[in-house]
Amino acid sequence: MSLTIRRARPDEAGLVFSLVRELADYEKLLHEVHASEADIAEALFGANPRLYCDIAEWNGEPAGFAVWFVNFSTFAGRHGIYLEDLFVRPALRGNGIGKALLVHLAKQCLANGGARLQWAVLDWNAPSIAFYKSLGAEMMDEWTICRVSGPALSALAEGTR
């Protein structure tokens with residue numbers, strides 16, 4: 001059995017989009033996927049990409065992915081990596097693929113002078129929370145994620161909110 005991790009290629013926007021949909025389905029959030037394959041292709045491979053994707057292959061077949069971008073901590077005064085999506089296909093879980101993707105990102109973060117690797121996890125996802133804790137991740141329970149989108153974002157931008 002072999003595992004490789006590599007950067008997604010421009011001809012793989014369809015694969016990345018498929019993995020996004022598989023993740024959303026697992027999280028019971030498929031109805032929230034409004035992106036298209038073209039959106040993913042532009043974000044990852046357009047003229048000024050700010051999003052990155054690493055593909056894990058198990059025996060040469062796509063097994064999972066990590067989608068991430070560079071963030072910045074004003075407190076640390078350094079950049080880091082924000083992991084937007086981490087997903088391993090259910091049939092391949094338990095083979096160390098998720099851990100290998102996180103190790104890969106941690107190495108990349110440190111190699112580029114990053115201060116931290118961070119991400120969010122759904123509070124009901126106990127298996128993932130236990131997995132992340134086993135790797136030394138801190139659950140930041142005192143922080144609440146805030147989001148403004150859709151009509152509320154438009155209203156805020158117009159100053160009417």
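View 1. Glu12 counts as buried, at 8% relative accessibility, where buried means under 20% relative accessible area, exposed over 50% and partly exposed in between (1.4 Å probe, protein chains only). Arg9 is partly exposed, with a relative accessible area of 40%. The two residues form a salt bridge, their closest N and O atoms being 3.2 Å apart; the term denotes a side-chain nitrogen of Lys or Arg within 4 Å of a carboxyl oxygen of Asp or Glu. Arg9 and Glu12 belong to one network, in which salt bridges that share partners join them with Arg6, Asp11 and Glu57. The model is predicted: local features need pLDDT of at least 70, side-chain atom pairs count only at pLDDT 80 or more, and totals for chains, interfaces and linings use all residues. Residues are numbered from 1 along each chain as its sequence is written, and side-chain values use heavy atoms, with hydrogens and water left out.

**View 2. The salt bridge between Arg6 and Glu57.** The side chains of Arg6 and Glu57 meet at 3.0 Å, N to O, in a salt bridge. Because Arg6 lies in strand β1 (residues 3-7) and Glu57 in strand β2, this pair ties together parts that are 51 residues apart in sequence. Strands (E, at least two residues) and helices (H or I, at least four) are DSSP runs, numbered from the N terminus. Both Arg6 and Glu57 are buried.

**View 3. The salt bridge between Asp54 and Arg7.** Asp54 and Arg7 form a salt bridge in which the closest N and O atoms are 2.9 Å apart. This pair also links distant parts of the chain, with Asp54 in strand β2 and Arg7 in strand β1, 47 residues apart. Asp54 is buried, with a relative accessible area of 2%, whereas Arg7 is partly exposed at 38% relative accessibility. By the rule applied here, the count comes to 6 salt bridges.

**View 4. Helix α1 and its packing.** Helix α1 spans residues 13-26 and has 14 residues. From its first C-alpha to its last, α1 reaches 20 Å, close to the 20 Å expected at 1.5 Å a residue; the expected span is 1.5 Å times one less than the number of residues. The buried residues of α1 are Ala13, Leu15, Val16, Phe17, Leu19, Val20, Leu23 and Ala24. These buried residues pack against α2 (37-45), β2 (52-58), β3 (61-73) and β4 (78-88), contact meaning heavy atoms within 4.5 Å. Lys28, whose phi is positive, near 60 degrees, follows α1.
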